[in-house]
2 protein chains.
Amino acid sequence: MGDRVERATMRDVAALAGVSIKTVSRVVNDEPGVAEPVRVRVQEAVGRLAYRHHLAASNLRRGASRSGLIGALLQDVSNSFSAALLRSLEDAMRARGTAILSASLDEEPDRERALVHDLVTRRVDGLVLMPSTDRQDYLSSEMRAGLPVVLVDREPSGIAADSVTVENTEGARMGAEHLLAQGHRRIAALIDLPGIYTARHRLEGFADAHRSRGIHPDERLTVTGLRGAEAGEQAVTRLLDLDRPPTAIFAGRNDLAQGAARALRRRGLSESVALVGFDDFPLADLLTPPLTVIRQDVVRIGRLTADLLVARLDGDVSPPQRVVVEPTLVVRGSGEIPPPA
Amino acid sequence: MGDRVERATMRDVAALAGVSIKTVSRVVNDEPGVAEPVRVRVQEAVGRLAYRHHLAASNLRRGASRSGLIGALLQDVSNSFSAALLRSLEDAMRARGTAILSASLDEEPDRERALVHDLVTRRVDGLVLMPSTDRQDYLSSEMRAGLPVVLVDREPSGIAADSVTVENTEGARMGAEHLLAQGHRRIAALIDLPGIYTARHRLEGFADAHRSRGIHPDERLTVTGLRGAEAGEQAVTRLLDLDRPPTAIFAGRNDLAQGAARALRRRGLSESVALVGFDDFPLADLLTPPLTVIRQDVVRIGRLTADLLVARLDGDVSPPQRVVVEPTLVVRGSGEIPPPA
DNA sequence: AATGACGTTGACAACGTTGTCATCGGACAC
DNA sequence: GTGTCCGATGACAACGTTGTCAACGTCATT
């Protein structure tokens with residue numbers, strides 16, 4: 001029915017209903033002061049023309065930024081951690097009628113800056129950022145112009161902004177200590193790019209655990225710069241080929257733990273080499289043996305992040321907060337394999 | 001440095017640079033016809049005032065809808081299928097500078113309608129929809145007004161729109177047949193709400209496989225209305241308690257397969273009850289035994305969807321296409337467990 | 001010296017909407 | 001009958017931007 005038509009505007013509705021544009025505006029916005037018969041006539045016209053409110057034009061006229069949009073720049077929306085976080089944010093924002101623009105950064109600082117610029121251009125009301133950059137000072141002019149920013153997963157550097165992070169160092173220390181306590185002395189560490197905030201801290205925690213026991217870890221067992229499950233799998237395969245292979249593995253990210261599990265399984269070593277991963281993920285409990293992990297409570301992190309942002313959106317101007325969530329050790333089996341006698 | 005300031009507009013920049021607004025516009029948009037010294041002066045003013053282009057105002061003036069935004073209404077962005085799809089879309093759109101507004105529907109038709117309305121109000125240039133509704137006729141007025149819509153995972157009903165789907169019936173038939181061929185005769189089926197397009201078709205395929213072998217499946221082994229892993233786990237637990245429990249399980253969704261795997265593991269039956277799942281997921285290969293699945297190629301689906309939408313965005317007005325992707329059986333072990341002798 | 005061409009620049013209107021204010025007609029009180 | 005008040009309605013400007021077009025100065029040409 002009917003060809004392709006241009007969207008009707010209030011002008012068209014007004015013409016059809018035989019009233020002024022302003023009256024249409026009143027009806028559309030449910031404002032009082034319109035006689036009932038007129039209101040009905042306008043609504044009929046709205047229906048017949050399939051008129052839809054133009055939010056951008058409305059916001060523009062209403063002044064204020066209020067775009068009813070926030071940005072969420074995450075590492076990779078297809079990764080379970082980012083995806084769960086996005087979902088938490090969405091649920092928190094739904095009630096406010098605030099929509100979410102999401103994008104993946106893949107640890108690329110340039111992309112982060114470009115996307116932030118794009119979001120500012122779109123006048124988002126707020127920003128949730130899992131930064132890829134070392135410093136976020138480029139954000140300060142935006143924040144001064146009133147853009148609320150909450151950093152997740154990594155603490156701010158170069159700016160004063162809210163953040164929700166996990167005790168990475170402590171978590172990694174816990175994981176490594178768990179393995180050391182069982183007698184492991186040759187523990188491999190699988191770490192992401194050392195420039196990354198979380199990677200750095202987790203590596204630190206790993207070293208701390210050794211240090212406080214007066215143990216010097218074999219550097220050849222620490223592999224950094226690992227991006228993704230594939231890289232983790234290959235690294236572990238190489239480590240297992242060493243003259244004195246590790247008896248345990250600490251994986252600094254969930255995908256690296258998955259890669260490690262795959263490598264171990266392929267070599268038939270799942271039951272003989274211990275494995276602890278940082279960051280829980282769906283199905284970790286269904287691996288063989290079930291995977292022992294340091295869990296960061298994603299739902300909690302998401303809710304805390306959303307709470308901080310919502311408060312700022314609602315005008316909270318108190319000093320920035322750094323919320324730190326304690327990770328927990330979830331013992332499931334893979335991390336309790338003893339070293340060979 | 002500096003208090004909270006209102007965003008500068010072109011007017012402010014023009015005043016500071018001592019030129020007209022139009023000249024600022026020219027510089028900001030990299031248009032020719034501005035003398036070099038003037039251009040420099042304007043750029044300095046832009047920098048000093050931290051001026052940022054206002055995309056909404058620009059688009060408004062430029063006429064046309066072109067918001068540089070598309071909507072992606074998926075079932076649940078934290079589910080690996082939706083998340084992977086979102087990521088594919090994002091990658092396809094990045095080059096165009098098109099941003100993505102995503103939201104989760106959770107199979108709620110009302111939310112779908114409300115969110116579509118919201119997206120229209122925001123004048124998205126296009127829409128990717130994994131529908132929750134039985135019929136999408138409510139979309140026809142939007143489409144007539146020029147909104148390109150591509151349905152994913154479920155075929156359109158009540159409208160003529162592009163779609164990218166999987167041969168659900170055929171896939172499920174394949175999965176059930178795989179189990180039947182090994183001699184299983186008591187096969188349980190775990191199915192989502194029967195109102196859901198994919199659930200209906202998969203159940204159909206399951207029945208088809210039996211029918212073409214002249215076998216009448218035990219209705220008590222078919223459980224529908226299962227939402228989420230938990231529900232799947234409980235259903236399987238109940239099934240295992242029957243006098244004559246199933247010797248194999250066909251799970252109609254990846255989360256139901258996960259729930260089933262969990263229930264089997266808990267009962268120590270992972271190696272004795274066969275399991276085939278519909279829709280692959282990360283780590284399915286690491287379960288014990290590795291999970292046999294009907295795989296739908298998410299990346300491919302995402303790319304096809306993006307291609308269709310991009311074509312429409314670029315003005316393609318050819319008749320709607322229904323692209324159907326063939327699922328494949330991935331044999332890994334769990335589906336090859338024979339029935340007890 | 002007058003003419004035309006060209007490169008720069010700005011005034012103005014308009015995109016679709018809404019806040020402000022004026023206008024209009026009728027109801028009511030005196 | 002006059003004055004007042006109130007509810008309903010609309011004219012107009014403005015949000016921040018850009019397309020159109022006119023105006024300006026400079027320079028080369030005749």
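**Note on a predicted protein–DNA model**

1. In chain A, the loop between S9 and S10 holds A:Asp279; strands, like helices, are DSSP runs numbered from the N terminus (E, at least two residues, for strands; H or I, at least four residues, for helices). A:Asp279 is not a glycine, yet its phi is positive, at about 90°.

2. The basis of the note is as follows. This is a predicted model, in which local features need pLDDT of at least 70 and side-chain atom pairs count only at pLDDT 80 or more, whereas totals for chains, interfaces and linings use all residues. Residues are numbered from 1 along each chain as its sequence is written, chains are lettered from A and ligands numbered from 1 in the order in which they are written, and side-chain values use heavy atoms, with hydrogens and water left out.

3. A:Pro289 is placed in the loop between strand S9 (274–278) and strand S10 (292–295) of chain A. The peptide bond that joins A:Thr288 to A:Pro289 is cis, with omega about -10°. In chain B, the peptide bond from B:Thr288 to B:Pro289 is cis, and omega is near -10°. B:Pro289 lies in the loop between strand S9 (274–278) and strand S10 (292–295) of chain B.

4. The surface near DNA strand D comprises nine nonpolar, nine polar and nine charged residues (nonpolar: Ala, Val, Leu, Ile, Met, Phe, Trp, Tyr, Cys and Pro; charged: Asp, Glu, Lys and Arg; polar: the others, Gly among them).

5. Several polar contacts to DNA strand D deserve mention; a polar contact is a pair of N or O atoms within 3.5 Å, and within protein one must be able to donate a hydrogen and the other to accept it, while residues adjacent in sequence count only if both atoms are side-chain atoms. A polar backbone atom of A:Ser20 is 2.9 Å from a phosphate oxygen of DNA strand D.

6. DNA strand C is surrounded by 26 residues, of which A:Ser25, A:Tyr51, A:Arg61, B:Thr23 and B:Arg26 are the closest. Sugar and phosphate make up 62% of the atoms of DNA strand C that come within 4 Å of the protein. The side chain of A:Lys22 has a polar atom 2.8 Å from a base nitrogen of DNA strand C, and the side chain of A:Arg61 has an N or O atom 2.3 Å from a base oxygen. An N or O atom in the side chain of B:Thr23 is 2.5 Å from a phosphate oxygen of DNA strand C. Two or more residues each come from helix H1 (10–17), H2 and H4 of chain A and from H2 and H4 of chain B. By class, this surface has nine nonpolar, nine polar and eight charged residues.

7. A:Asp76 belongs to the loop between strand S1 (69–74) and H5 of chain A. Leaving aside residues up to four places away in sequence, A:Asp76 touches A:Ser82, A:Ser104, A:Asp106 and B:Arg87 (contact means heavy atoms within 4.5 Å). The side chains of A:Asp76 and B:Arg87 make a polar contact at 2.9 Å. A:Asp76 and A:Asp106 are 30 residues apart along the chain, and their C-alpha atoms are separated by 6.0 Å.

8. In chain A, the axes of helix H5 (residues 80–94) and helix H12 (residues 298–313) come within 8 Å and cross at roughly 45°; axes are lines fitted to C-alpha atoms, for helices over the stretch in contact, and angles run from 0 to 180 degrees between N-to-C directions. H5(A) is therefore oblique to H12(A) (under 35 degrees counts as roughly parallel, over 145 as roughly antiparallel, 65 to 115 as roughly perpendicular, the rest as oblique). The contact of H5(A) with H12(A) has 12 nonpolar, three polar and one charged residues.

Definitions and conventions: A residue is near a molecule or strand if one of its heavy atoms lies within 4 Å of it.
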